[in-house]
Amino acid sequence: LLRDEFAIPADRSIALYIGAITFNRGVEELIKAAEGLEHSALVIMGPAIDPTYVDRLKAQATANGTLDRTIYFRGPVDSSQVLEYCASTDIGVVPTQACCLSYEFESSNKIFHCVMAGRPLAMSNHIEKRILVEEYGIGRLFDETDPTDIARVIDEMAMDTAGMESMAAHCIEAAKELCWENEEARLLNSIRSICT
């Protein structure tokens, strides 16, 4: 979908950031990381919490020569289309910054969208994300404060065909466990234990 929409060359893997385009989500670092990408393109897709912030990001990408070359911006899609868009890319990117405990310990919806779509993830090296990578083998970690490291990990993943196939298969297996059908039972059991 995104390759056709933006005419992204076939020799570039597509890495997708999906979610709110706002501060401390790592979007600024992705703009800088785009300068170092040799085998990949980044798509930032989601709602602009502050349109002037997005304008500044686009101006920065224009200045460094990456806008519509190695980084692309797209508005949000309907929630019913999120998995389809995730599945049409190669890598999910979660560069959340550890600006507070909530962000450092979060496991955002975008992770599980990618898992359900069978797409490996490149993520911040935070405790919960590290647990998911180590336990399920669904992706790789980077230093979210270092755009060079972000670009390196994304490009290395893009060039590792066997590794990507293995991580994609692990995502499909993990999706059988990391799903609402299982989480619902855990939640209800927790509520019952509190109420009895």
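Predicted model: local features only at pLDDT ≥ 70, side-chain atom pairs only at ≥ 80, totals over all residues.
**Nonpolar cores**

The largest nonpolar core comprises 29 residues, and those with the most contacts inside it are Leu42, Ile44, Ile91, Val93 and Ile154. Two or more residues come from each of E1, H2, strand E2 (40-45), H3, E3, strand E4 (91-94), helix H8 (147-159) and helix H9 (161-177). The element that gives the most to this core is H8, with 6 residues. Leaving aside residues up to four places away in sequence, Ile154 touches Ala15, Leu37, Ser40, Leu42, Ile91, Val93 and Ala122. Apart from this core lies another, of 28 residues, including Ala41, Met45, Val77 and Cys171.

**Aromatic pairs**

The geometry of two aromatic rings is described by the distance of the centres and the angle of the planes. The model contains 2 aromatic pairs, and their values are tabulated below.

| Pair | Class | Centre to centre | Angle between planes |
|---|---|---|---|
| Phe6 and Tyr72 | tilted | 5.2 Å | 35° |
| Phe23 and Tyr53 | tilted | 4.4 Å | 45° |

The pair of Phe6 and Tyr72 links distant parts of the chain: Phe6 belongs to helix H1 (residues 2-6) and Tyr72 to strand E3 (residues 71-74), 66 residues apart. Tyr72 has a relative accessibility of 3% and therefore counts as buried, the cut-off for that class being under 20%.

Tyr53 is buried, because its relative accessible area is 3%. Phe23, at 44% relative accessibility, counts as partly exposed, since that class covers values between 20% and 50%.

Glu106 is located in the loop between helix H5 (101-105) and helix H6 (109-117).

When residues up to four places away in sequence are not counted, Glu106 touches Val94, Thr96, Glu128 and Lys129. With Thr96, the side chain of Glu106 forms a polar contact of 3.3 Å. Glu106 and Ile127 are separated by 21 residues in sequence, and their C-alpha atoms lie 8.8 Å apart in space.

Notes: Residues numbered from 1 in each chain as written. Heavy atoms only, no water. Helix = DSSP H or I, 4+ residues; strand = E, 2+ residues; numbered from the N terminus. Contact = heavy atoms within 4.5 Å. Polar contact = N/O pair within 3.5 Å; in protein donor to acceptor, adjacent residues only side chain to side chain. Phe/Tyr/Trp six-rings, centres within 6.5 Å; stacked < 30°, edge-to-face > 60°. Buried < 20%, exposed > 50% of the residue type's maximum accessible area, 1.4 Å probe, protein only. Core = buried A, V, L, I, M, F, W, Y, C linked by side-chain atoms within 4.5 Å.
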